[in-house]
Amino acid sequence: MRSRLRLLILIVILAIVLYPLVWMVGTSFKSPQEIASNIGLIPRDLTPGNFAAGWQKFDVGFGRFFMNSAMVSALTVVGNTASCLLAAYAFGRLRFRGRKFWFAIMIATLLLPGHVLIIPQYILFRTLGWVGGDWPYLPLLVPQFLATEAFFVFLIVQFMRGIPRELDEAAKIDGASPYAVFKHVILPLSRPALVTTAIFSFIWTWNDFFRQLVYLSELQDYTAPVALTLFIDSTSESSVGPMFAMSLLSLIPVFMFFVAFQRMLVEGINTSGLKG
């Protein structure tokens, strides 16, 4: 009886969590008149034309926005995983003067709200000529290659601390340099942590709205989250059906990326860095 009650509670929680998603799916197939009159989950008359209308709503096809989001997300994943891994290796395995001090400073940056940094970062990037230039994605991408995400550095450092130092010492006895230790010992064992970093980097970047809204000013440079706001114009007229249709399509890459690496994500949470 207790197991059945627990299962029932989980089903209720799952229904509450999935209700907005199911409602969005149903709304994406409703006509404008039915959206205003039918608040149910299932549309009375299917309107698949919302997808075509949303895809061709603007002068720039929505596929361009998808490509921009994919490009920014992919480069962010590469930059975050590479730079945070190197920084974490330095903090977690190397010995140098001031290591604990600089690690504490890096952890302290986690206490700063991201919105507090927007204005000084914007002034810096504008001074460098990166805002409104020929390549408007520089303010979004360059910091990712400089290990500015302290959360991921901390995550990988904690993972590396679970790898026995005896492996490093054994490699050094065999004549391995710090670079060789990193390449042949730390890097292979850190794969679960890297996959976890890649998954969260992709999801957070794909869903990011505020930073992309600040730095992207041209329509052809917009990403999918920013482009979704264009369905509501200055006259307060909105294309709700096409907007929900494009929102549904925007969820597919995140869902596929998570499903593809779900096993490694669980492994990265559970493993201590060694197998067998």
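Colleague: In this predicted model, is Thr197 buried or exposed, and at what relative accessibility?
Modeller: The cut-off for buried is under 20% relative accessible area. Thr197 falls below that cut-off and therefore counts as buried. Its relative accessibility is 0%.

Colleague: Which element holds Thr197, and which residues does Thr197 touch beyond four places in sequence?
Modeller: Thr197 sits in helix 11, which runs over residues 191–207. With residues up to four places away in sequence not counted, the residues touched by Thr197 are Asn80, Thr81, Phe152, Leu155 and Ile156.

Colleague: Is Leu146 buried or exposed, and where does Leu146 lie?
Modeller: Leu146 belongs to the loop between helix 7 (138–141) and helix 8 (150–160). Exposed requires a relative accessible area over 50%. Leu146 has 58%, so this loop residue is exposed.

Colleague: What is the C-alpha separation of Leu146 and Gly79?
Modeller: Leu146 and Gly79 are 67 residues apart along the chain. Their C-alpha atoms are separated by 7.7 Å.

Colleague: Where is Tyr89 placed, and is Tyr89 buried or exposed?
Modeller: Tyr89 is part of helix 4, residues 62–93. The relative accessible area of Tyr89 is 9%. Since buried means under 20%, Tyr89 is buried.

Colleague: Which residues are in contact with Tyr89, leaving aside neighbours within four places in sequence?
Modeller: One of the contacts is Ile186, which lies 97 residues from Tyr89 along the chain, with the two C-alpha atoms separated by 8.1 Å. With those sequence neighbours left aside, the contacts of Tyr89 are Leu94, Met160, Pro178, Val181, Phe182 and Ile186.

Colleague: Which backbone oxygen does the side chain of Tyr89 reach?
Modeller: Pro178 is among the residues in contact with Tyr89. The side chain of Tyr89 comes to 2.8 Å from a backbone oxygen, that of Pro178.

Colleague: How many aromatic pairs does the structure hold, and what geometry does the pair Phe62 and Phe65 have?
Modeller: The number of aromatic pairs is 25. For Phe62 and Phe65, the ring centres are 5.3 Å apart and the planes stand at 90°. Planes over 60 degrees apart count as edge-to-face, so the pair Phe62 and Phe65 is edge-to-face.

Colleague: By about how much of helix 4 are Phe62 and Phe65 separated?
Modeller: Both Phe62 and Phe65 are buried. The two are three residues apart in helix 4, so their separation is about one helical turn.

Terms used. Residues are numbered from 1 along each chain as its sequence is written. This is a predicted model: local features need pLDDT of at least 70, side-chain atom pairs count only at pLDDT 80 or more; totals for chains, interfaces and linings use all residues. Side-chain values use heavy atoms; hydrogens and water are left out. Helices (H or I, at least four residues) and strands (E, at least two) are DSSP runs, numbered from the N terminus. Buried means under 20% relative accessible area, exposed over 50%, partly exposed in between (1.4 Å probe, protein chains only). Contact means heavy atoms within 4.5 Å. A polar contact is a pair of N or O atoms within 3.5 Å; within protein, one must be able to donate a hydrogen and the other to accept it, and residues adjacent in sequence count only if both atoms are side-chain atoms. Rings of Phe, Tyr and Trp (its six-membered ring) pair if their centres lie within 6.5 Å; planes under 30 degrees apart count as stacked, over 60 as edge-to-face and the rest as tilted.
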